[in-house]
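Thanks for coming. I have one model to show, and I will go through a few parts of it in turn. Here it is.

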Amino acid sequence: TLNPGDQSNKDKKYDVTYYENEMNLKLCELNISNFYPNPITAGTGSVLTIEGIGFGNTRGTGRVWFADADTGGFAFIKYLDYIDYVSWKDNEIKVIVPSHVDTLYAPDKSATAGSGQIRVEANNGQFKYSNDALYVTYSILNVKIGTPPKQKLRIDLVDPNPTDQDSGYVFLVDTSISNHPPIQMLVEQAMHDWACITGIRMKMGGNTTKNKSQPDGVSLIFMDTSQHGKGFLGQTAHWSFGICLDQVTGDSVVVAKEIDIAFAVDIADKGKLWKIDTTFYFQDIKANEKDLYEVVQHELGHAHSLDHVEDYDELMYFAAKNGPLSPPQRRMIFYSPPAQDGAKDVMNRSEMLSPGSACNSLTMLPLFPAFSVCGPTAVQELISKWNTILIYPNPVSQEYISLEYSLYRSANVLFGIY
């Protein structure tokens, strides 16, 4: 009947239906029955579909909550940006999983959607948490464009030198790095490890007197004294954003032409010491230490346009691990497949861009040939129709290795051993 008190004037007969399992679905109450895809990525434009009942035919003040990866999932993102919502119906919600949310946040503050339960709250105030957790494998940094914001775009990488496509990002260092060879070794090795995975062109340049992260046309790596006592270990900033049109597709793109990376000069305010492992991979981390090599790799992940995730063992978790740690327990890019996948996603897309003169930059071409084997003891043999390089013993088990090569054309040969 139309109203609860109305009497029916017609008898209806229905087939008898038996339901063997417990029936705990309450009619007329909000309920989440399913969501997909799971796993999913954030900041890539991926759309999460949430199915159920009682969401309301229009969103109104309704909202979807995600766990905040910038807190390790200990807090929720309660308000998404309005452009994250695709559609809202009584039985289905479609929402873009964002890497950058700043609605109702203080200036320069934001949040990142991460793994965990999701919550749907309807316009009438009813809400429900999902029974299962959403798994966000990796997240790519976004920026808003337009006034008011009309869309979020991921930060793509380019070769910022429009006259030299082989240079990539060249980082200058101040004396806090160059005067401390063990720290410089860590940074160079971390760049090498990332390049082995993604083929990104990043390298150390010369010295500079600059020691501040700011948009000045210089990519910089330095130990920051200004942040002492403020609790940070490392920070990465993308500057000189170029918002332009791809010369082939006509799509709007956002490119980073400058990257600054800062590390805390010391972490005594945290009651910790930096562990500078010049073997890179093989030393233990004590209880009173933080692994500088982990932090350097993490910040280079941000330089790859990766944002935080919520898996504690992943390199892009928002906080560095506490000791004591044995080598297998340490975070490294080689032990973080999701970070590898995310960075490869960035590089694959960046390689397809045609920024050209509109962004005063060139396409980021990966190092070639790409490495197929990467790791703390990895050695790669290269065989093609032009050359053969054999390395033994492989895997390395002695203090020396032997290299044999043959060339089938005139060529210069360079061996890089790290």
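**A sheet, a loop and a helix**

Strand β4, residues 63-68, is joined to β5 by 2 bridges, and the two run antiparallel. Across that pairing, phenylalanine 66 stands opposite isoleucine 77 in β5. Please keep in mind that this is a predicted model.

Now the sheet these strands belong to. It is an open sheet of 4 strands in the order β5-β4-β8-β9, with antiparallel pairing. β5, residues 76-77, and β9, residues 127-129, are the edge strands, each pairing on one side only.

Next, a loop. Serine 110 sits between β7 (92-96) and β8 (113-121). Is serine 110 buried, exposed or partly exposed? Its relative accessibility is 28%, so serine 110 counts as partly exposed, given that buried means under 20% and exposed means over 50%. Serine 110 and histidine 100 are 10 residues apart along the chain, and their C-alpha atoms are separated by 6.3 Å.

Last, helix α2, residues 181-198. With 18 residues at 1.5 Å a residue, α2 should span 26 Å; the end C-alpha atoms are 26 Å apart, so the two agree. The buried residues of α2 include Ile183, Leu186, Val187, Met191, Trp194 and Ile197.

What do the buried residues of α2 pack against? The partners are the strands β13 (169-173), β14 (202-207) and β15 (219-224), together with the helices α1 (175-178), α3 (292-303) and α4 (337-352). After α2 comes glycine 199, with a positive phi near 80 degrees.

Technical notes
Residues numbered from 1 in each chain as written. Predicted model: local features only at pLDDT ≥ 70, side-chain atom pairs only at ≥ 80, totals over all residues. Heavy atoms only, no water. Expected span 1.5 Å × (residues − 1). Buried < 20%, exposed > 50% of the residue type's maximum accessible area, 1.4 Å probe, protein only. Contact = heavy atoms within 4.5 Å. Pairing = 2+ DSSP bridges.
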